[in-house]
Amino acid sequence: FAPDDLYTLPEFQEAAKKAVISKIGNYVSSYHPSDKDLQEALDIKRKFNIDDQSFAETSHVLILNNLKSGNVNNVVKIQEVFSISDEKLLSPEYVALAEQALRANFERGNKDSIEKIKEKFLPDLDIAEFVKTQYTGYINEGKWDLVIKLKSHFTECDPIFQEFFAEQKEI
């Protein structure tokens with residue numbers, strides 16, 4: 001094998017793709033992203049001659065992973081790094097995961113991420129109605145730690161809680 005031939009071997013190509021995912025993953029998930037990580041990912045892409053299709057698949061993997069864990073801010077950074085259109089983010093696969101991320105971020109009390117999810121993935125979402133439905137559900141399920149926590153994060157939960165509390169006094 002000539003040294004340049006090594007770069008084309010399938011196992012090296014696969015390792016290079018994983019390295020690109022790792023480097024870009026570090027870049028988008030860091031509070032203080034290092035351009036070095038991004039530059040190294042692009043250098044690997046170039047050195048291993050990773051085609052644009054494979055590079056696009058990398059963005060897909062990163063978006064899926066970040067949506068699954070509810071990290072919408074990272075998805076926005078990935079969108080910027082890979083120049084992904086807003087329309088592409090509205091694919092059914094991403095929207096379904098965004099709905100899961102919405103619930104996860106609500107349970108964390110993360111208003112900013114909920115707004116971003118509405119903006120990027122669920123433009124027709126009525127946030128007030130979502131909060132009311134979810135919060136009422138948690139009351140009915142008796143998830144009291146969550147009910148109390150969310151009441152402190154979302155002012156719109158307080159009247160729902162007060163109404164429930166008043167109904168309990170009447171019983």
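**Rings and helix contacts**

Phenylalanine 55 is buried, having a relative accessible area of 11%, where buried means under 20% relative accessible area, exposed means over 50% and partly exposed lies in between, computed with a 1.4 Å probe on protein chains only. The structure is a predicted model, in which local features need pLDDT of at least 70 and side-chain atom pairs count only at pLDDT 80 or more, while totals for chains, interfaces and linings use all residues. Residues are numbered from 1 along each chain as its sequence is written, and side-chain values use heavy atoms, with hydrogens and water left out.

A search of the whole structure finds seven aromatic pairs. In one of them, phenylalanine 55 and phenylalanine 82 are tilted, with 4.8 Å from centre to centre and 50 degrees between the planes. This pair links distant parts of the chain, since phenylalanine 55 belongs to helix H4 (residues 52-68) and phenylalanine 82 to helix H5 (residues 72-82), 27 residues apart. Helices here are DSSP runs of H or I with at least four residues, numbered from the N terminus. For a pair, the ring centres of Phe, Tyr or Trp (its six-membered ring) must lie within 6.5 Å, and planes under 30 degrees apart count as stacked, over 60 as edge-to-face and the rest as tilted. Phenylalanine 82 also counts as buried, at 14% relative accessibility.

Phenylalanine 161 and phenylalanine 165 form a stacked pair, 6.2 Å from centre to centre with 10 degrees between the planes. Both lie in helix H11 (residues 157-170), four residues apart, about one turn of the helix. Elsewhere, ring pairs link Phe106, Phe130, Tyr138 and Phe154 into a cluster.

We can now turn to helix packing. Two packed helices are described by the angle between their axes and the distance between the axes. H5 and H8 pack at an angle of about 45 degrees, with axes 9 Å apart; the axes are lines fitted to C-alpha atoms, for helices over the stretch in contact, and the angles run from 0 to 180 degrees between N-to-C directions. The two helices are therefore oblique to each other, because angles under 35 degrees count as roughly parallel, over 145 as roughly antiparallel, 65 to 115 as roughly perpendicular and the rest as oblique.

Which residues of H5 and H8 meet? Val72, Asn73, Val76 and Gln79 in H5 meet Ser113, Lys116, Ile117 and Lys120 in H8, where contact means heavy atoms within 4.5 Å. Serine 113 lies in helix H8 (residues 111-120) and is buried, with a relative accessible area of 3%. Not counting residues up to four places away in sequence, serine 113 touches Val72, Asn73 and Asn105.

Two further residues complete the tour. Leucine 90, in the loop between helix H6 (86-89) and helix H7 (92-108), counts as partly exposed at 39% relative accessibility. From C-alpha to C-alpha, leucine 90 and phenylalanine 121 are 5.6 Å apart in space, although they are 31 residues apart in sequence. Histidine 153, found in helix H10 (residues 144-153), is partly exposed, with a relative accessible area of 35%. Leaving aside neighbours within four places in sequence, histidine 153 is in contact with Arg108, Gly109 and Lys111.
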